[in-house]
Amino acid sequence: MIEQEYLWWQKEILYQIYPRSFKDSNDDGIGDLPGILQKLDYLQELGIKGVWISPFYPSPMADFGYDVSDYIGVHPMFGTIEDFDNLLKEIHNRDMKLILDFVPNHTSNEHPWFQESIKSRDDPKREWYIWKDPGPDGGPPNNWGAAFGGSGWEYDDSTGQYYYHAFLKEQPDLNWRNPEVQEAMFNAMRFWLDKGVDGFRVDVMWHMIKDDQFRDNPINPDYTEDKSPYDKYIQAYNTDQPEVHEIVKKMRNVMDEYDERVMIGEIYLPIDKLVTYYGEDNEGTHLPFNFLLVVLPWDARKIEAAVNEYEGSLPPDGWPNWVLGNHDNSRMATRVGKEQARIAAMLLLTLRGTPTMYYGDEIGMEDVEISADEVMDPQEKNIPGKGLGRDPERTPMQWDDSPNAGFSSAKPWLPIMENYQKINVANELENDNSTLNFYKKLIKLRNNEPALQVGNFIPVPSEENMFSFIREYAGKKFLIALNFGSSEEKCEPGLKDWKGKVKLATHPQKQGEEIKNLVYLGPHQGVILEIIDNQ
Ligand code: NOJ
C-alpha cells in the first residue's frame, strides 16, 4: 500500500501513440482514432495507464499534424469528434487516462487566424503572429533560423513584412505576448478539458516566447558540418526566454481549473534550465519532459552522472520523469542496440519518476530504412542526408504476421519493418521469452511495488559498465543492477551482509535466483533484486 497520496500521473506509466501509425480501421493506409479504440484492451493488458496521442486535429499535414488548422476538431483522416468522444469514454471505462498533444507555439498557415493575419498590416489578427519589417539590407529582420532548415523568416510580398516560423514556413509562430492569443488558446485547452481529457503534452514549450528586441543569435562555436544548419547559432534569443514562465504558469492555471489533470512540457534543454519549467513554487508544468536517456550516449557512467545530477537538481515537490523514445528520435532498440534494449527498458521503468514509453518499443521495433522515394518527413526533405529524418521511427505498429503486419489492409503510409513476421504482438504473446512478455513482467512488477513506483532513489557506487541503484519504500528495498557492457561485470552495492532474490532478469535463467553480497552479471544482463536480508 502506498501511504502518502500520489497522483495517477506520478505513479503510472504513460504511452505515446503516433496516430498515423498505430492501427488503421478504414483501410486508407493511415491509422485513426477508431483504430486506437480497437487496441485499448492491448494497452490495458500491457499495464499502462496514460495514453498520449500525437495530434489528430484538422491540419494540411505539412508536419504531419503539428501544423494545426483547427484546435477544436478532428481531422477526417483520423475520424470524427464522435469517434473521439467514444474513444475517451472507452479509455475512462478501462480506468485509463487520455493525454492530448497541444501545439501552442505555431498554427498551420491555413489556420483561419493566419489567413486573416496575412491579409493586411491593419487586420485585427495581424498581431496574433510575429510580423516584422525587413532588416536594413531588405533581408530578414535577424539571423534566426528555422529548425527544419533555412531562415526562420518568410517574406510576404503583398504586405511587405516577414513573419517568423520556428519550424516550417507552413507553421507560423503565434505571438504569445498578445493577450487575445493567450485567451483563444486557453479556450482551446478548456474545450478538451471540459470533455474530460486528462492532460496535455505541450509541444515545444520552451519556444513560446521570443526576445522582445529580436536580437541576433550568437554563432555556435561547436558547430560542425554534420549537424543541422539550425545549430550554426545558439538559440539564445528565440527560445527559453524568461517571460515564457509567465505563460506556462497561466496554462497551468487553466489546468488547475480542473481536477487531477497533467501538463507535460516538451523541452529540450540542459538540466539546470529544464528544471526551471517546474516553475516557482511548483506552479509551472507538472512534468517538463526529461530527454536525458534519449540524448546521452549509452554509457553507464554518463547516464549515472546525469541521473544523479537530475535527481539533485529537482525543486522540492518537482516530480521526475523519463523518456526513452518518441516520434522525433531514432528508436531506442536502434540507438542502444538490440542487446541493450532490455537494459534500457529496465532502466526506464525503475528510475524514480513517471516513465513514457513509445509505441512499438515494447515489441522491439527498430528504425526502418526509408528509401529516397519513400521519404515523408519535411525535415529530411529540407535537410537531406544528415540522418535527421524521422520517418524511420514512425513506421506502422506490427500487430501480427499478416500482410502489412495487421496494421491496415491498404498500403501503409510508411513501409513496415522487414522482420515484422517475427517481431509482432501476436507472435510475441505466444513466446514467453519475447520482448513483449519481458515488458509485461517488468510493468507488472513495477505496478505492484510501491518502491518501484514512488520509492526513494538511492545511488549505489558502481564501476565500469555497471549502473546500479536502490529503490526503497516503507522498508522494502530493490536493487537494480544493469550491465551496459559486453563482458561480465560485478555490482557490490555497499550494503552489509545482504541477500537478495531476483524478481526479474533480462535473462530468464536468473529468475528467482538468490544472491548474496555480490551480483555478477553477464554481458548485457540486468536484474531487479528484492533485498530480503540486510543488517
Ligand atoms: C515537436 C514535435 O515533437 C515535432 O514532431 C514537430 O515537428 C515540432 N515540434 C514542430 O511542431
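Colleague: Which residues of α12 meet α15?

Modeller: In α12, Arg 342, Ala 345, Met 346 and Leu 349 meet Thr 435, Phe 438, Tyr 439, Leu 442, Ile 443 and Arg 446 of α15. Contact means heavy atoms within 4.5 Å, and helices (H or I, at least four residues) and strands (E, at least two) are DSSP runs, numbered from the N terminus. By class, this contact of α12 with α15 has seven nonpolar, one polar and two charged residues. Ala, Val, Leu, Ile, Met, Phe, Trp, Tyr, Cys and Pro count as nonpolar, Asp, Glu, Lys and Arg as charged, and the others, Gly among them, as polar.

Colleague: What should I know about the model itself?

Modeller: The model is predicted, so local features need pLDDT of at least 70 and side-chain atom pairs count only at pLDDT 80 or more, while totals for chains, interfaces and linings use all residues. Residues are numbered from 1 along each chain as its sequence is written, and side-chain values use heavy atoms, with hydrogens and water left out.

Colleague: At what angle do α12 and α15 pack?

Modeller: Helix α12 (residues 341–350) and helix α15 (residues 435–448) pack at about 20°, and their axes are 10 Å apart. Axes are lines fitted to C-alpha atoms, for helices over the stretch in contact, and angles run from 0 to 180 degrees between N-to-C directions. The two helices are therefore roughly parallel to each other; angles under 35 degrees count as roughly parallel, over 145 as roughly antiparallel, 65 to 115 as roughly perpendicular and the rest as oblique.

Colleague: And how do α4 and α6 cross?

Modeller: The axes of helix α4 (residues 81–93) and helix α6 (residues 179–195) come within 11 Å and cross at roughly 50°. That makes α4 oblique to α6. Ile 81, Phe 84, Asp 85 and Leu 88 in α4 meet Phe 191, Trp 192 and Lys 195 in α6.

Colleague: Turning to strands, is β14 largely enclosed or open?

Modeller: Strand β14 (residues 476–483) is largely enclosed by the rest of the structure, because six of its eight residues are buried. Buried means under 20% relative accessible area, exposed over 50%, and partly exposed in between (1.4 Å probe, protein chains only).

Colleague: Which strands does β14 pair with?

Modeller: Strand β13 (residues 466–473) pairs with β14 in the antiparallel sense over eight bridges, and six bridges join β14 to strand β19 (residues 526–534), again antiparallel. Two strands pair if DSSP finds at least two bridges between them. In the hairpin of β13 and β14, two residues lie between the strands, and Ala 474 takes a positive phi near 45°.

Colleague: Where is Gly 500?

Modeller: Gly 500 is found in strand β16 (residues 498–505). This glycine is buried, with a relative accessible area of 0%. Its contacts include Glu 514, Ile 515, Leu 529 and Ile 531, not counting residues up to four places away in sequence. Gly 500 and Leu 479 are 21 residues apart in sequence and 8.3 Å apart in space, C-alpha to C-alpha.

Colleague: What joins β16 to β17?

Modeller: Three bridges join β16 to strand β17 (residues 514–516), and the two run antiparallel. The bridge partner of Lys 501 in β17 is Glu 514.
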